[in-house]
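This report covers the pockets of one protein model and the contacts between its aromatic rings.

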Amino acid sequence: MNEAFMREAIAMAVENVRTGRGGPFAALVVRDGEVVGRGTNRVTTTHDPTAHAEIVALREACRRLGVFHLTGCELYTSCEPCPMCLGAAYWARLERIYYAATRREAEAVGFIDAQLYEELCRAPGERRLPMVPLLAEEGRRPFEAWQACENRVDY
């Protein structure tokens, strides 16, 4: 745990708001005491709903390190991650996440993480965003191809 990294993430989040580049969020990916990825929220400036600070930092770290797993890395983020960013952190196989503000504090200023967490607990057919199975049998073909692929890269 390194408070200097968290202070940097918080300062980046404040600067992101002051400069009008995006929301009040920033994140750092750190490996062996070195920052290998930085990100700030860029949702509104890039017109990309996935451009959350954590996602931006994870993408930069992976690109910089030439890997798709960030084993041995830690995430310092100015706020507790939303469900999308938390999922990405798990996929990246991070060692640990440090966060400053909580999701409840983010909700108090208009960010809707609680609704997303609630939706994820519902069955697909009960969610506000309808999810309808279609062509399930044909949908298995890509998995069969994956299982048969001799040169696949498992992840």
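## Pockets

The largest pocket holds about 570 Å³ of space. The model is a predicted one. Lining this pocket are 25 residues, and H52, C82, P83, D113 and L116 are those nearest its centre. Three helices, α3 (53-65), α4 (83-92) and α6 (113-121), each supply at least two residues of the lining. The greatest contribution is that of α6, with five residues. By class, the lining of the largest pocket comprises 16 nonpolar, three polar and six charged residues.

The second largest pocket contains about 170 Å³ of space. Its lining is made up of I55, L58, R59, C62, F68, H69, A88, W91, A92, R93 and Y155. Here α3 and α4 are the elements that give two or more residues, and α3 gives the most, with four. Eight residues of this lining are nonpolar, one is polar and two are charged.

## Aromatic contacts

Five aromatic pairs are found in a search of the whole structure. In one of them, the ring centres of F5 and Y76 are 5.3 Å apart and the planes meet at 55°, so the pair counts as tilted. This pair links distant parts of the chain: F5 belongs to helix α1 (residues 3-18) and Y76 to strand β3 (residues 73-79), 71 residues apart. F5 and Y76 are both buried. Together with Y98, F5 and Y76 form one aromatic cluster.

F68 and Y155 also form an aromatic pair, with 6.1 Å between the centres and 85° between the planes, an edge-to-face arrangement. F68 sits in the loop between α3 and β3, while Y155 is in the segment after α8 (141-148), so the pair ties together parts that are 87 residues apart in sequence. F68 has a relative accessible area of 44% and is therefore partly exposed. Y155, at 60%, is exposed, because the cut-off for that class is over 50%. Both F68 and Y155 are among the residues that line the second largest pocket.

A contact of another kind involves R103, which lies over the face of Y117 at 4.0 Å from the ring centre.

Terms used: Residues numbered from 1 in each chain as written. Predicted model: local features only at pLDDT ≥ 70, side-chain atom pairs only at ≥ 80, totals over all residues. Heavy atoms only, no water. 1 Å grid on protein atoms, 1.4 Å probe; cavity = no way out; pocket = protein on both sides within 12 Å on 5 of 7 lines; lining within 4 Å. Points joined across faces, edges and corners; volume = space filled by probe spheres on them. Nonpolar A, V, L, I, M, F, W, Y, C, P; charged D, E, K, R; others polar. Phe/Tyr/Trp six-rings, centres within 6.5 Å; stacked < 30°, edge-to-face > 60°. Buried < 20%, exposed > 50% of the residue type's maximum accessible area, 1.4 Å probe, protein only. Lys NZ or Arg CZ within 6 Å of the ring centre and 35° of its normal.
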